[in-house]
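Take a look at the structure first, and then we can go through it together.

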Number of protein chains: 2
Amino acid sequence: MRIVLDAMGGDNAPDVTVQGAVAALAKRKDITMILVGQKEVIEEKLSGLSYDKDRLEIVDAREIITNDEAPVFAIRKKKDSSIVVGVKMVRDGQADAFISAGSTGAVLAASTIIIKTIKGIIRPALASMMPTIEGPVLAVDCGANVDAKPDHLLQFAVMGDVYMRVVQGVENPRVGLLNIGAESEKGNELTKAVYPRLQQMPLNFVGNVEARDVPNGMADVVVCDAFAGNVMLKTMEGTACALTTLLKRELMSTTLRKICALGLKGAFKNFKAKFDYAEYGGAPLIGLNGCVVKAHGSSNARAIESAIYQAAKFVDGKLVETLRTQIESLSDQFGE
Amino acid sequence: MRIVLDAMGGDNAPDVTVQGAVAALAKRKDITMILVGQKEVIEEKLSGLSYDKDRLEIVDAREIITNDEAPVFAIRKKKDSSIVVGVKMVRDGQADAFISAGSTGAVLAASTIIIKTIKGIIRPALASMMPTIEGPVLAVDCGANVDAKPDHLLQFAVMGDVYMRVVQGVENPRVGLLNIGAESEKGNELTKAVYPRLQQMPLNFVGNVEARDVPNGMADVVVCDAFAGNVMLKTMEGTACALTTLLKRELMSTTLRKICALGLKGAFKNFKAKFDYAEYGGAPLIGLNGCVVKAHGSSNARAIESAIYQAAKFVDGKLVETLRTQIESLSDQFGE
């Protein structure tokens, strides 16, 4: 399996991208990593690290797309950027998956324009693995379609179901509709239109799920438009971060507390790990004719490594083929 | 000041409503509490409690509206419900404020239909005080308008600004637009349409605020449609709850940890209080010709008590009058 990693993308690149790739190579002997980016920069970061040289390739790409560039414009102009070059390798069959912690918009635009969507898919979705007390939940969509239509959400449900089956090994994923009340008639125009149609789908549809219940693990897949999904995802991140800050302040406020806290170091570490996005990999872009994973912009090496394993499962599980078959068999459900 | 409290509303009513009212009477000598609901039930809960009998009245209302009843239908049918009777007292000038922990939909419908909106206000908003590490933020709207239009959001911004000034005493409230990116061109159709118009308003508009930054206290007022606001509010609640559960599990896992945790009891208590909705009162319904506060359905006595103080500040600050003047002076900004 050949995985291309955008060595230049992300707040902490290229250090953490190179480190993450090297760590993954050590654990997974069946993958080859292709680092795309400025060759001499990557080589410098690799120097001194020990890794299997037969399974690490560098592909030179001189340009870098930043977060403040208009995505579509940037990918048209910067043909020699790490994102465009990496995505093209997936399109051309030179690699099985592309991972980037760079500009979400640019990764989305490049993937959609270059790799293209699966026949029958209206719009790809940027899904996100979110931590819950019972293990991860996949929120679809969290970043691609802010003004989604009912048909989009129906397809997101199918995407999420297939993803959780083949990538996460969940047998009969519980698919919930993100809503502001549990009752079927609750919600905005979009969710009210989607609810009865989701009931007709061959899915384990568990009805509306309130945002309050998502962190409790009430569903395996949460379907939503990208605006609501993004708000949910970011609120969770922000709340976890704010609570950790508050807890730290309290624990460090007196000497006695500091001593007691020391005895709980292991407990706090486990606690933190449970809601650590670094363990969950990145956000898969689902609905394309290829595997693309968007890692968090602030990824550390561990998060990059997790994203690589995730991409490997994406490829191993034949997500693209399974989704293609599924969407084809359900084609009469869409286009109302 | 006369405050009507729906004695029958909420998961833990009438115990906590009666207890909350009695606690508030002890602390605020300038208020009279009117408990509306089934007289004999309220009297029974009051028996044994000590309070100033001159400042507590009971108004009998035989019916109770439950959460599963269709709001508009319920308030039309149950004219003798605690919600309808209580709201009418505000309309008729027999009371200055109404508080209920009962059905949100019924409180909203009854208030809008009976008390009516301030002239010029298109739709009232259910705002919510959310905890942050820097003190509370007001999210408007969190429950009333799921399919909001740009004009609604502009008015929510004005409502939030006035509320934070007169009720919370914030001098120049920072008003942010809940969005999925910080840049002005980010967002869905709604936020993109609202952004430039918010810039034209006489407000301290601080631009887009991502959900991740809300718990860090990046704004005093966060403007959003009720769907997004509800998702943000409930995600915060759910995440705080899930994290507390996880932390407890870790702290109770070994005897040594239990002992260390005992030494940190005070720290954990302070930590919990910071994100405890019970300290923040309820959700004010803004834009009506009167003061209505919706307390959390699962309110305890402390939360009811906080909601009473909040309603008192709402009345003291002359929110209705201030908002009326402000909306009138800005009337040329709306109706595009």
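The elements α5 (104-115), β12 (291-294) and α11 (301-316) of chain A each supply at least two residues of the side of domain 1 that touches domain 2. The largest share of that side, 7 residues, comes from α11(A). Helices (H or I, at least four residues) and strands (E, at least two) are DSSP runs, numbered from the N terminus. By class, this side of domain 1 has 7 nonpolar, 11 polar and 3 charged residues. Here Ala, Val, Leu, Ile, Met, Phe, Trp, Tyr, Cys and Pro count as nonpolar, Asp, Glu, Lys and Arg as charged, and the others, Gly among them, as polar.

As for the bounds, domain 1 of chain A covers 1-119 + 287-317 and domain 2 covers 122-282, as given by an automatic or database domain assignment. Their C-alpha centres lie 25 Å apart. The contact (heavy atoms within 4.5 Å) takes 21 residues from domain 1 of chain A and 17 residues from domain 2 of chain A. Between them the two domains bury about 1,500 Å², 60% of it on carbon and sulfur atoms; buried area is the accessible area (1.4 Å probe) that two parts lose on being put together, summed over both.

## How the model is described

This is a predicted model, in which local features need pLDDT of at least 70, side-chain atom pairs count only at pLDDT 80 or more, and totals for chains, interfaces and linings use all residues. Residues are numbered from 1 along each chain as its sequence is written, chains are lettered from A and ligands numbered from 1 in the order in which they are written, and side-chain values use heavy atoms, with hydrogens and water left out.

## Where the chains meet

Chain B can be laid on chain A with an RMSD of 0.0 Å by a turn of 180° and a shift of 0.0 Å along the axis, which is the relation of a two-fold axis. The superposition is by least squares on the C-alpha atoms of residues with pLDDT of at least 70 in both copies. In chain B, the C-alpha nearest the axis belongs to B:Cys260, 2.5 Å from it.

The contact takes 48 residues from chain B and 48 residues from chain A, and the two chains bury about 4,800 Å² between them, 71% of it on carbon and sulfur atoms. There are 4 salt bridges across this interface, a salt bridge being a side-chain nitrogen of Lys or Arg within 4 Å of a carboxyl oxygen of Asp or Glu. A:Glu210 forms a salt bridge with B:Lys234, with the closest N and O atoms 3.1 Å apart. On the side of chain B that touches chain A, α8(B) gives the most, with 19 residues.

## Backbone details

A cis peptide bond joins A:Val140 and A:Asp141, with omega near 10°. A:Asp141 lies in the loop between β7 (137-140) and α6 (150-166) of chain A.
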